[in-house]
Amino acid sequence: MFRSSKTTFKNIFFLLLIFLIPSQISGQSVLYKTVSFKQKTASTAYFLSQIEKQGEVVFSYSNKLCFSESITLSKNSGSIREILNELFISCPSNFIVKGPKIIIEPYSAEAGKFIIRGFIRDSESKESLIQANIYEPDQLLGTVSNNFGFYSLTLPAGLIRLQCSYVGFKDEHLLLNLRGDTTINFYLKTESELGQIDVVGSRVPGRLQSTRTGTIDVPIEQIKNVPVFLGEVDIVKSIQLLPGIQSGGEGLSEMYVRGGGPDQNLVLMDDVPVYNVGHLLGFFSIFNADAINHVSVIKGGFPARYGGRLSSVVDIRLNDGNMTEHKGVASVGLLSSRLSVEGPLVKDKSSYSVSFRRTYFDLFTGLLQYSAVEKSRYYFYDFNAKFNYKLSKRDRLFFSAYAGKDQYGLQYNEQKVSVTPPDESSETQFVTTHDNSDVGWKNYVASTRWNHIYGDRMFSNLTLTYSDYRFFIQQRLNYQTDGNWSIGTQNYYSGIRDFSVKADFDYFPSPKHYLRFGANLTMHTFYPGVDLLVQEISGGTPIDTAFGGKDVFRPELRTYIEDDFKLSDKLKLNIGAHFSLFRTENQYYWSAEPRLSGLYLINDNFSIKAAYSHMTQYMHLLRTASVAMPTDLWLPVSDNIKPMRASQGALGLEYEFNRGFSLAIEGYYKRFHDILAYKEAAGYFDFASDWEDKLTSGEGLSRGVEILLHKKTGKLSGWIGYTYSKTTNQFEGLNGGREFAADFDRTHDLSIFGNYKFSKKVDMGLTWTFGTGSPITLPETKYYAPDLPTGQAPVNSGFNQFISERNGYRMPNFHRLDVGFNFNKVKSYGSRTWSLGVMNLYGRQNPFFLYFADSENEQTGELQRSLKQFSLFPFPIPYLRLTVRF
Amino acid sequence: MRAYFGIFVIFFLLLASACEKDIEIELNSQEDQMVMYAFIYPDSALNLHFSKSQSILALPDYKQIENGRFRISINDNNQGTYILPSDTVWSTWKEFIFKPGDKVRIEAYERDGDTVKVESFLPEIIDVESMDTTRINTPIDDGGSEAFLKTRLSFTDPADENNYYQLYVVREGWGVKGGDLYYTYAVVEFMKDDPIFLQRDQGGSLLQGLDFQGLFTDQLINGHSYELTYNLPVDYMFFDYYEDKIKITTYLYHHTNDYYSYFRTKILSAGYEGFYEGLPIFDPVRVHNNVQGGLGLVSGLTFDSDSIVLHK
C-alpha cells in the first residue's frame, strides 16, 4: 500500500514536472502582460474580469480571498502582477501561474511560511557557487548564496517552484509542495558537463538581482583565457582590463582604482588581507588561478561588511577541493611551472586543494654560471593549501594557507679556509667558503574558519587569520680574526604582521531581507626596519645584537551591520553602517561610515543603481618609487598623521540583454581627504628624517563615467570596458598649492577582451587596450649649480632642474594587442591544452618612463640633448604553455 | 648594501629587454630666470655668481647675463650698485667685509629685464668648547673590526631658535718633495653614528640611507650643551711618503635654514651618488632656493674649528 502510494506520487510529480515547468517558465510573462482600465475605481470582481478578458487568463481563487465592492487603483494600467498586488493589498496572496490559469492563494499567516535552506554547489567538484541566485519565479521571492554557497529562503506554504541559477551553469528547477522547513542542496552542472552546449538559460528576474553598484563578478574561466605576459595567467592583469581600474605601468600588477593609489585596495584571500600582491617588482601577481574559485571586484557602493581601504575590494575565494574524486592540473610555461591537486580526504566529508608554482630563472642562470666564482640567482614561488572538514550538517571547518616568496641572491668572495683536524695527525685540509647576500620579500597568509548554521535562518562564520609580509636582506660573511675563522650574519627586515579574529553572521529573516552583521579585531604589528647581527667566532658562543626600528603595535576594531532588502517590487536597498576604531600611541581614531546603495527597476531588464559610501583607511604604503618596490613600507596612522578618508557617490544604469550579457553605465564622484604624499624636499632614502616628517597630506577628487558591455557566456564572450575620468590632487605643500593631475590619472581608458570558441578543441583570446598617457613631471629649464663649499664630494652634475608643474605633462598614449590560442584535446587521463600566443602583437613601443639625456647626432656628430622614451616590451613577445588536467 | 642593490639589478635586467627612442613633447615655454649664488663667510671677500636658466634641452649648464647690475645692503646700509661682469662664472668683491650676525640683502637686475632679490644673514659662530680623542676598534659591516679615532666634540646650542649645523672634517698634509713644498688636502669621511645625525634609528642597517654629509639640526639638543661623538678612520692618520706633518681639522659649521635645505635637497635629488638622478621612477625632489623672483641660493655660513696635529 505504502509502495503503491509512493509510486503514484512519483508519477504525479513527474507529470507535473513535464507539464508545469514549461508553462511556469512562460508563466512569468503572463503576470507581466499589461492591462488597462477605463476607470480607476470599481469592484475587485470587475477588475479581475477585465484582466481575464485582456490577459486571456482565467483566475482561480478560494472564498478566503478578500473582495471589495469598491477599490481605487493608483493608475489605469500596469502589469497583471502590479494590479493584483494593489487589488489584494489587504490580504497579500500568492499568484501561481498554471498555463492560462492564475491561482490566487492568500497567505494564511506567518505560521504558513517555511524555510528552505541549503548549499549551492558545482555538481562535479562540489565547490561552493558564490552569489548564485535561488528564487521562486512566480512570487518573485529569492536570495543569493553567500561566500560559502549557503542560502536560506522563507516561502509561503504550498505548491512552489524553485529555480537556481549561476552564470556558466545550467539552471536547476524544482517543484515542491512546501509543508515544512526543509533543506535542499543544489548541484548545478557546468557547460563542459553538458557537452559544450551553450548555456544561456533564462535570465534572473531584475527584481531579484543585486543592488550593488561598482561591483563586477568576473568568471574565473574568463580570467584564465585572457592572454598574458609569458603565458602566466594573472588575475590582477585581467582585473586591470575592467573599467575604472588601471595598471601603474606596462606589465605591472598594481591597481589604481577610481583615482586611488595601490595601497587603497583591500585584497582578500579567503578573508585574509594580503599586503603585497606582486612578484618580480610587480610584474606578476601572487595568485595562482588554478587555486581560485571566485573573484569579485568592488569599486564603489561598498557593502558595510568591507572596510579599511578607500578605493576597492578584491575578494578572492580559493577552491575548497573536490569532494568526490582526485583531480589535478599541471602546467609548464616559459617562466614557471605549476601543479594543483585536489580531492576528497573522506568522501563527501572532507577535501583538500593544494597548488604550487615556481619559476626557474635560477636553474637557467645556475647552468650559465656553473664555473663562475660569483653567482647570482632569482626565483619566486607560490604555495596554496586548503582543507575542509564537515563536522556535522551544520558545522564545517576550513583551513587555508598561502606562502609566497621572491629571492635574489649573490654568492661572492670565494676563500680557502684551512682546517686542522683535532688530533693533528693528518694533513691540514682546505675548505672553500663564500660570502652570501640575499634580498627578497615573502608573504605568509593563513586562516581557520568555522561555519555554523544556527536554526534555519542564521549562518555564521568565525575566522582566525594570520598575515605576514616581510622584506628582508641577509648577509653572511666569513672572515678571520686573530687567526680564527668567524662567521658574521646580518639580517634586515621590515614588514607588517596581522593577527585577526572575525565573526560574521548572515541572517535571512524573510525573502525581503538579507541581514549581515559582524565584528573584527585585528592586532597589527608594523616592523619599520629591524637589524639583527650575529657573530660566531669558531669555537665560541654566537653573539646576537638587535638594533634598528621599533616594532609598532596597533589594534584595530571593526563592526558592521547591513541589510539587503526589498522595499517594493521595484525598489531594493542595501543600507548599512560600518564602525571602526584604531589606536595610535596616544589617541584613538574612529570612523562611523554610512553605506547606502539602491536599485530601482524601470522594467525587468533595465535598472537604475545608485550608491554612497564613506571609507576610512588607517594605514598607508610609504613608497620607494613610482613602481612597486619590496622596500615599500606599510605604516600606520600616528598622532600626527590622520587617517585617509574618501566619500564616493555613484549612479548607474544597467540593461540586461539576456542572462550573462549586460550593458552597464556608471558615473562616480569621489573625494579624498588627508591622502599622503612625500614632501617635495623629501624622499624614501632620507632615513635621517622621521617618516612622519617626510609626508604631507592633501585632498583629491576623482570623477568619471564607466561603460561595461559584458558577455559572460556563449561561444563569444568577453567585455568592452571604457572609462572617461579625471583625478586631481591638491596639497598645500606641493606644486605651490595648485591642483595637479594625480599619478596615473588617465582620461580615456579602453579595454577589449574577447574569447571565441571555434570548437570544442580550439579557442582564442584577444585583448586590446588603449589609454591616455600617464601624467609625468618634466623639468622645462635648468640652471647653474655650483659645488658647495662644505660638500664632501660633488653631489650631482653642474646644473639643477627646475620643475614648474607637478605632473604637468603626459606620456604618449598607450595601446597594445595581445592574442592567444588554446588547443584542447581529451586524453585518456583527462585533457591537455597547448596555449600559445603573442603579447604586443604589432610591436607598439609604449612608454614606461621618459627622461632627458645627451646623445650624439648620428648625422652631424654634434652633441644634442633630447627627451627619450623608455619602452619595456617594445616588440612582440611570444609565449607557450602546456597544461594537463588529470 | 650590495644585496640591496640586487633588487635594482633585477629591475635593470628587465630594462635590458627594453628599448629607448627619442620623442617630442612640446614643453611649456618658460622664461629664463635669473640665477644668483653667494656663500658669504665672515672676514672674506664676497663671491657672486649671476646667470640665467635656460631650456632643459640646451647643452650648456647656464647662460651668461649681459648688462646686469646688483645692489647690496649690509645691515640695511646700502653699499652701492655695481655692474656684473659677464665673462666670469664667479666674480669676487673685496669691497665688502662681513661679520657674524650681519644681514645681507642683494638685488640684481638686467637692463630691461627681471629683478630678483634675496635676503640672508651670517649665523653666529658656535664655539667648539672642547675636543678629545681616543683610539678604538669597532666592528664593521664586512666583519672583523677597524681602528678609529673616537672623537668627542662639545658645543652649546643657542636656545629659542632653530639651528642648522654641519660637521666637516678635513685632513691636510705638509712636506717637501724634490725641494718643493708638498701639500695634500682631503675631506675626511667619518662614521656618523651619533644620534644627532639620525633622527630615525637606522644606523648600521643593511638598508642604508643617504649620506647627508654631516648635516644635522638642533631638534634633539635644542638649547643644551652637547658632546658629539664621531669616529675618524685611523687611515687618515697615516703619513704618505712625503708628508712630515698632518693636521686633522674638525669644523663645526653653523648654517642658515636656506643653506641646510638647499644642501639636503641636492643630496636627495641626486640619490646614491647620482644613482636615481633623472630616473623618473622616483618622485622628483624640488631643490630649495631662496632667491625671490629667480633661482639659486645666497647664504651666510660661519664655523669654529679644532685640530689634531701629528708630526712624523
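Which residue is the bridge partner of A:Arg161 in E13(A)? Select A:Leu175: that is the partner.

This is a predicted model, in which local features need pLDDT of at least 70, side-chain atom pairs count only at pLDDT 80 or more, and totals for chains, interfaces and linings use all residues. Residues are numbered from 1 along each chain as its sequence is written, while chains are lettered from A and ligands numbered from 1 in the order in which they are written.

**Stop 1: the hairpin**

Select residues 158-165 and 172-178 of chain A. These are strands E12 and E13, which run antiparallel and are joined by seven bridges. Helices (H or I, at least four residues) and strands (E, at least two) are DSSP runs, numbered from the N terminus. Two strands pair if DSSP finds at least two bridges between them. Strands of a sheet pair through backbone hydrogen bonds, either parallel or antiparallel.

E12(A) and E13(A) form a hairpin with six residues between them. Click A:Gly168 in the turn: its phi is positive, about 90 degrees.

**Stop 2: two positive phi values**

Most residues other than glycine have a negative phi. Select A:Lys126, where phi is positive, near 65 degrees. A:Lys126 is in the loop between strand E8 (113-122) and strand E9 (133-136) of chain A. A:Lys126 counts as buried because it has 20 C-beta neighbours inside 10 Å. The cut-offs are 20 or more other C-beta atoms within 10 Å for buried, 12 or fewer for exposed, and in between for partly exposed, with C-beta atoms placed from the backbone.

Now jump to A:Asn840. Its phi is also positive, near 60 degrees. The loop here lies between strand E53 (830-839) and strand E54 (849-856) of chain A. A:Asn840 has 23 C-beta neighbours inside 10 Å, so it counts as buried.

**Stop 3: an exposed valine**

Is A:Val346 buried or exposed? A:Val346 is exposed, because 10 other C-beta atoms lie within 10 Å. Find A:Val346 in strand E26 (residues 336-346) of chain A. Draw a distance to A:Phe740, 394 residues apart along the chain: the C-alpha atoms are separated by 60 Å.

**Stop 4: a helix pair**

Select residues 44-55 and 80-87 of chain A, helices H2 and H3. Their axes come within 11 Å and cross at roughly 170 degrees. That makes H2(A) roughly antiparallel to H3(A), since angles over 145 degrees count as such. Axes are lines fitted to C-alpha atoms, for helices over the stretch in contact, and angles run from 0 to 180 degrees between N-to-C directions.

Show side chains for A:Thr44, A:Phe47, A:Ile51 and A:Gly55 in H2(A); they meet A:Ile80, A:Ile83 and A:Leu87 in H3(A). Residues are in contact if their C-beta atoms, placed from the backbone, lie within 7 Å. Five residues of this contact are nonpolar, two are polar and none is charged. Here Ala, Val, Leu, Ile, Met, Phe, Trp, Tyr, Cys and Pro count as nonpolar, Asp, Glu, Lys and Arg as charged, and the others, Gly among them, as polar.

**Stop 5: a five-stranded sheet**

Stay in chain A. Five strands form an open sheet with mixed pairing, in the order E16-E23-E24-E19-E20. Its edge strands are E16 (215-218) and E20 (272-273), each pairing on one side only. Strand E19 (residues 265-269) pairs with E20(A) in the antiparallel sense over two bridges. Select A:Leu268, which stands opposite A:Pro273 in E20(A).

**Stop 6: domains 3 and 4 of chain A**

Colour chain A by domain: domain 1 (2-106), domain 2 (115-140 + 157-202), domain 3 (215-318) and domain 4 (327-774 + 811-885). Domain bounds come from an automatic or database domain assignment. In the contact, 54 residues of domain 3 of chain A meet 99 residues of domain 4 of chain A. E20 and strand E21 (278-279) of chain A each give two or more residues to the domain 3 side.

**Stop 7: a sheet across two chains**

Show both chains. Three strands form an open antiparallel sheet in the order E50(A)-E49(A)-E4(B). The edge strands are E50 (799-802) of chain A and E4 (54-55) of chain B. Strand E49 (residues 781-784) of chain A pairs with E50(A) over four bridges. End on A:Lys782, opposite A:Gln801 in E50(A).

Technical notes: Contact = placed C-beta atoms within 7 Å. Parallel < 35°, antiparallel > 145°, perpendicular 65-115°, else oblique.
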